[in-house]
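The sequence and model come first.

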Amino acid sequence: MNKKAKSLFPLRIENLFLIIGLVFGTIYVFINAPFHANDEDRHFYRAYSIANMRMLPIQQDSTQGNMIGTVYPKSVIYSAQSFHGKRFDAGNKISMKGLFEPVKTIKLNPDDTTFYMYPYSHISFIPYIPHSIGIAAGRLVESNPVWLHWFGRLGGMIAFIFIVFYAIKTTPVIKPVFFISALTPMSLYQAASITYDSLSTAASFLLMALFLKYAFDEKAKIGWREITIIFVTAFIQRYSKDGYFLIPLMFFIIPASKMEKRWFMWLALGAFVLLYFLPDWTWGKIVNGLEFRPGGEKPFQNDFKFDRGMNLDYNLQDIPTFIGNLFANLMFWKSDWASGAMGKFGYSYTALPKAFYIIHGLVLIVIGFLSGSKNFVVNIRQKLIVFGIVFISCMLIFVGFYIGGSPIGAIKVFGMQGRYFVPFIPMILLLFYNTTLRIRQWEKWETAVVSIYTILMLTYTVFYMKDAFYMP
């Protein structure tokens, strides 16, 4: 076996990731306008209630019907609504003075509460644990709701960086791919926001890294301890967000010879099938057991009817047109989704310049290609498994939004965004892994090159967001 050329950079790549990630992650926490990541106001409400040990929603009768939500300090609702919704793409900006002056005057007043209805009150508490810890820690030093929001962001960001740090340290292959995937602007933007995407993406990356370790590390074997670690990581990933339930099937790139017992393959398959249903059988049962009475929740848009079953029946009546509409949407939205996977800020209104995501996309592919090694051979079977997982997952997400997120009979898909593809970036880049071309100079300098590129790239995005979000 040919040994990899020794890196000429003194720090290990995972340590550099930790430094760069924490520095720029902290900057992203504060440079992003308050409550301006995707649906961040709703995610903040959920994280705040969990930080105060209110895990379950409640129902309250009113003249509007039976509303489902939670009781909050009025200042929490006021703060989120005051800062939310700036259309930065239309040239609207926030004055730095206008931002911090109101922050100083808003008091938490935790006893002055109100019931607030919002659609995320029933979501599992698991993906919000890091943000809730940040909010709880923040209350020790500052009770202002906006500052609590920033502390919540810090909690999620720190958890993301440390989980991906461990993923990079764990995997024996494509370390630069995980490095640059996690620090791609959209990944870091989500990580430095209050959202379930933060833990979902981090757990997905760690799960992939574990599979790569057990597949390619000669000393690694799959025993009960390893099965437990994989299942716990997959459990966190599954409970964090829907849409990525096929990623655990990457387990099957691991050769059967690595199993201490051959039937571990069947055990893993059964465990992953069980895991698919587990959220409905556990948290779903708890929420449904509350027996909420319907009513009170306003329709998303009054002039459209949304019903997953009826929309599926409608489209299945003319399958050729259904397939044609899907393909037309793919062609129409491909550029928007690509930019959304690379960097789209300010509630997804403000995309980085097209040249940026074209260049960055090419850089990702090149790094995926150059990260290959003769030491570890990713064979065709393994690449086909990875390709199948990515392709089927992306299609399920796409079709799911067309059927479940769009009104009955709609031609265009509603609600689909490029950020939903972020967890698949390392898997996509693994498909470019090569074992034929070996550039020893790249092996020596890859850590330095990837680090310098990432620092320059993220510095550019910081100034871009500052110019887009704030007045001079």
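## Terms and model

Helices are DSSP runs of H or I with at least four residues, strands are runs of E with at least two, and both are numbered from the N terminus. A residue lines a pocket if it has an atom within 4 Å of one of the pocket's grid points. The model described here is predicted.

## Overall fold

The chain has 18 helices and five strands. Its C-alpha trace spans about 75 × 55 × 45 Å along the principal axes. The radius of gyration is 23 Å, which agrees with the value near 23 Å for a compact globule because the chain has 472 residues.

Of the 472 residues, 52% are buried. Contacts between residues at least 6 apart in sequence join residues at least 24 apart in 84% of cases.

## Second largest pocket

The second largest pocket holds about 820 Å³ of space. It is lined by 25 residues, of which Ala338, Ala341, Cys394, Phe421 and Ile428 are the closest to its centre. Two or more lining residues come from each of α14 (319–342), α15 (354–370), α16 (380–404) and α17 (425–430).

Which element gives the largest share of this lining? That element is α14, with seven residues. By residue class, the lining of the second largest pocket has 23 nonpolar residues, one polar and one charged.

How values were computed. Residues numbered from 1 in each chain as written. Predicted model: local features only at pLDDT ≥ 70, side-chain atom pairs only at ≥ 80, totals over all residues. Heavy atoms only, no water. 1 Å grid on protein atoms, 1.4 Å probe; cavity = no way out; pocket = protein on both sides within 12 Å on 5 of 7 lines; lining within 4 Å. Points joined across faces, edges and corners; volume = space filled by probe spheres on them. Nonpolar A, V, L, I, M, F, W, Y, C, P; charged D, E, K, R; others polar. Rg over C-alpha atoms; globule rule 2.2 N^0.38 Å. Buried < 20%, exposed > 50% of the residue type's maximum accessible area, 1.4 Å probe, protein only. Contact = heavy atoms within 4.5 Å.
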